[in-house]
Amino acid sequence: MKKEKEGNRFKSKIGGQALIEGIMMRGLGTAAMACRMPSGEIEVETWSIKTGKNAPWYTKAPFIRGCINFFISMKEGIRCTMKSSEKQITEDDEEEELSKVEQWLYDKLSAKFGDNFIDKLLPVIMVVTVVITFALSLVVFKGGPVFTANLLIKAGMPDTDFSRSVTEGFVRVILITGYMFGISFMPSIKTVFQYHGAEHKAIACYEARKKLTVQNIAAHPRFHPRCGTSFILLVLILSVIVGLFLPRDNMWVRFGLQLLFLLPEASIAYEIIKIAGRYDNIITRFISAPGIWLQHITTREPTEKQIEVAIAALTPCLPKMKLKTNDKVRYKKL
């Protein structure tokens with residue numbers, strides 16, 4: 001077989017996300033979630049998704065789809081993360097006795113909403129979680145740098161468009177990298193980052209047209225240009241550029257405009273990520289470099305067992321491919 005020219009290598013549109021002891025993958029028309037159960041087996045759930053011609057127009061329109069798809073991915077990611085967490089609860093965990101306060105609260109809620117009130121509340125909890133998480137992220141990663149730059153200016157730093165924007169960008173980089181680096185030492189997050197690495201390796205193996213085996217996947221890098229980590233960093237870089245043109249007289253007006261311009265920044269970053277994931281040349285590698293660097297923190301080398309989960313999650317999303325794993329697998333539709 002002839003060697004493919006650089007820049008013309010096969011690039012898929014498959015993406016994924018690391019979960020609690022699992023991985024979620026999205027393909028063309030099918031999405032799948034594979035989790036390593038406490039028993040050691042891999043459980044796979046699949047569901048249909050609308051892509052291509054069947055997808056709504058607003059998920060395909062350039063410079064509109066970025067924000068829409070970001071919120072859709074975040075919502076689906078939280079849903080799958082919650083489900084993967086539930087799968088790790090064993091019968092022993094469920095049988096643990098409730099404290100007197102927990103039992104009293106459970107009895108009160110059951111009497112008012114019924115025995116299945118928890119199932120009814122889950123969608124509400126998911127929406128509230130998304131809103132609160134997003135709001136806190138905006139306050140910390142958008143507002144924090146603006147307030148910090150304002151304090152430094154009052155302390156004597158030159159008040160210019162360049163100095164303010166560079167300071168805000170530097171503070172954002174410190175906040176994001178510091179946060180990710182700090183949580184990477186938590187055992188549970190370290191495991192998630194290993195699954196993140198397994199997800200990237202599996203997709204890279206598929207794009208290299210190699211057979212999906214543990215050995216083949218392990219040989220590929222754990223970094224990928226279409227990663228959400230790269231997306232976040234691109235949004236940050238764009239916010240620094242936009243900040244050069246925002247008014248600096250009023251801190252609150254500047255903060256409000258920062259929030260307003262987040263939507264176009266995310267849309268542009270989404271288009272850049274798609275281009276970087278589709279082509280492989282010196283320009284796209286330069287664009288991807290900051291995100292690849294940050295992925296040294298957000299991904300870890302996976303174990304063979306974690307790679308098997310990645311195979312189980314990726315395979316249903318591929319056309320006409322059979323699952324190859326040594327573990328027992330149970331399929332079911334969501």
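Guide: C80 counts as buried, because its relative accessibility is 0%; buried means under 20% relative accessible area, exposed over 50%, and partly exposed in between, with a 1.4 Å probe and protein chains only. This is a predicted model, in which local features need pLDDT of at least 70, side-chain atom pairs count only at pLDDT 80 or more, and totals for chains, interfaces and linings use all residues. Residues are numbered from 1 along each chain as its sequence is written, and side-chain values use heavy atoms, without hydrogens and water.

The count of disulfides (pairs of cysteine sulfur atoms within 2.5 Å) is zero. C35 is in no disulfide, and its nearest cysteine sulfur, that of C80, lies 8.3 Å away. Seen from the other end, C80 is in no disulfide either, with the sulfur of C35 at 8.3 Å as its nearest. C35 is buried, because its relative accessibility is 0%.

Now to the loops. E21 sits in the loop between β1 (15–19) and β2 (22–26); strands (E, at least two residues) and helices (H or I, at least four) are DSSP runs, numbered from the N terminus. E21 is not a glycine, yet its phi is positive, about 50°. Most residues other than glycine have a negative phi. E21 is partly exposed, because its relative accessible area is 27%.

F63 lies in the loop between β4 (42–48) and α1. Its phi is also positive, near 65°, and F63 is not a glycine. F63 counts as exposed, because its relative accessibility is 52%.
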